[in-house]
Amino acid sequence: MSGNIQLLSDTLAGARSEGRAALIAYLPAGFPTVDGGIDAVKAVFDGGADVVEVGLPHSDPVLDGPVIQTADDIALKGGVRIADVMRTVREAYEATGKPVLVMTYWNPIDRYGIERFTAELAEAGGAGCILPDLPVQESDVWRQHADKHGLATVFVVAPSSRDDRLAKITAVGSGFVYAASLMGVTGTRQSVGAQAQDLVRRTRATTDLPVCVGLGVSDAAQAAEVAAFADGVIVGSAFVKLMLDAPDPGAGLAAVRGLAGELAEGVRKR
């Protein structure tokens, strides 16, 4: 079975044809439980997310701030495994027909086996992977397997990336480019900042891929701000925090569904 890179591309193109940015949500697998995590992904889709990134919990998440680290720790203590990540992708995709990616650090894939991981992700209906710590110059083998199985390879660029570096990254990426709005780790912030807009401008000069901005967006106003210059708005910590703060699982699902609805309105007010 081939993965759903085309579904991802079509979804992002569809948002652009509507004159808006896409809303991309992030939630870790296995949090608060495997079943609860699957329900959460479905809830943000129900609320209006176009794409969901399913995080593969990792013990040393260098890009993630304290909110996502806390959720990852809960998932890992609950015994989450890569099989649970694949199940999350499968059930979310089968329930919604919308693109689901996995966001993961490289070590778990390397240990699991590249061919095994890409084949299982494609079979689950996954659209691809976001790989924040895989250097482009060391990505050939991964990309060969991802291409064979119809999976996108999404690389992360940062405000510190020089123009020549941006060109090298975007030349081999697929699906979209993940533009980190600032230097630092994930988390909600008061302002996304001008760095993000400049990074999108410089990245677009090197590629026709959609450029989606993450790190820091937490409400509809910020989503609208980013949607004015980016092809997609990525929100993670704000969803996870709502689930961490919820008094019970049902309240958590209602909260993330509600936030997705507000953000979906925000990306339409660009």
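Student: At roughly what angle do the axes of helix 4 and helix 6 cross, and within how many Å do they come?

Tutor: An axis here is a line fitted to C-alpha atoms, for helices over the stretch in contact, and the angle between N-to-C directions runs from 0 to 180 degrees. In this structure the axes of helix 4 (residues 82–96) and helix 6 (residues 114–123) come within 9 Å and cross at roughly 30 degrees. Helix 4 is therefore roughly parallel to helix 6, given that angles under 35 degrees count as roughly parallel, over 145 as roughly antiparallel, 65 to 115 as roughly perpendicular and the rest as oblique. Before we go on, note that this is a predicted model in which local features need pLDDT of at least 70 and side-chain atom pairs count only at pLDDT 80 or more, while totals for chains, interfaces and linings use all residues. Residues are numbered from 1 along each chain as its sequence is written, and side-chain values use heavy atoms, with hydrogens and water left out.

Student: Is the crossing of helix 4 and helix 6 left-handed or right-handed, and which residues make the contact?

Tutor: A crossing is left-handed if the near helix is turned anticlockwise from the far one by less than a right angle, and right-handed if clockwise; helix 4 passes helix 6 in a right-handed crossing. The contact (heavy atoms within 4.5 Å) joins Ile82, Met86, Val89 and Arg90 of helix 4 to Phe117, Glu120, Leu121 and Glu123 of helix 6. Those residues divide into five nonpolar, no polar and three charged, where Ala, Val, Leu, Ile, Met, Phe, Trp, Tyr, Cys and Pro count as nonpolar, Asp, Glu, Lys and Arg as charged, and the others, Gly among them, as polar.

Student: Where does Val200 lie, and which residues are in contact with Val200 beyond its neighbours within four places in sequence?

Tutor: Val200 belongs to helix 9 (residues 194–204) and, at 1% relative accessibility, counts as buried. Val211, Val213, Phe229 and Ala230 are in contact with Val200 when neighbours within four places in sequence are left aside.

Student: How do helix 3 and helix 11 cross?

Tutor: The axes of helix 3 (residues 66–77) and helix 11 (residues 237–245) come within 9 Å and cross at roughly 55 degrees, which means that helix 3 is oblique to helix 11. Their crossing is left-handed. On the helix 3 side, Val67, Ile68, Thr70, Ala71 and Ile74 meet Ser237, Val240, Lys241 and Leu244 in helix 11, a set that divides into six nonpolar, two polar and one charged.

Student: How many helices and strands does the whole protein chain have, and what percentage of its residues count as buried?

Tutor: Helices (H or I, at least four residues) and strands (E, at least two) are DSSP runs, numbered from the N terminus, and the protein chain has 12 helices and nine strands. Of its 270 residues, 58% count as buried. The C-alpha atoms fill a box of roughly 45 × 40 × 30 Å, taken along the principal axes.

Notes. Buried means under 20% relative accessible area, exposed over 50%, partly exposed in between (1.4 Å probe, protein chains only).
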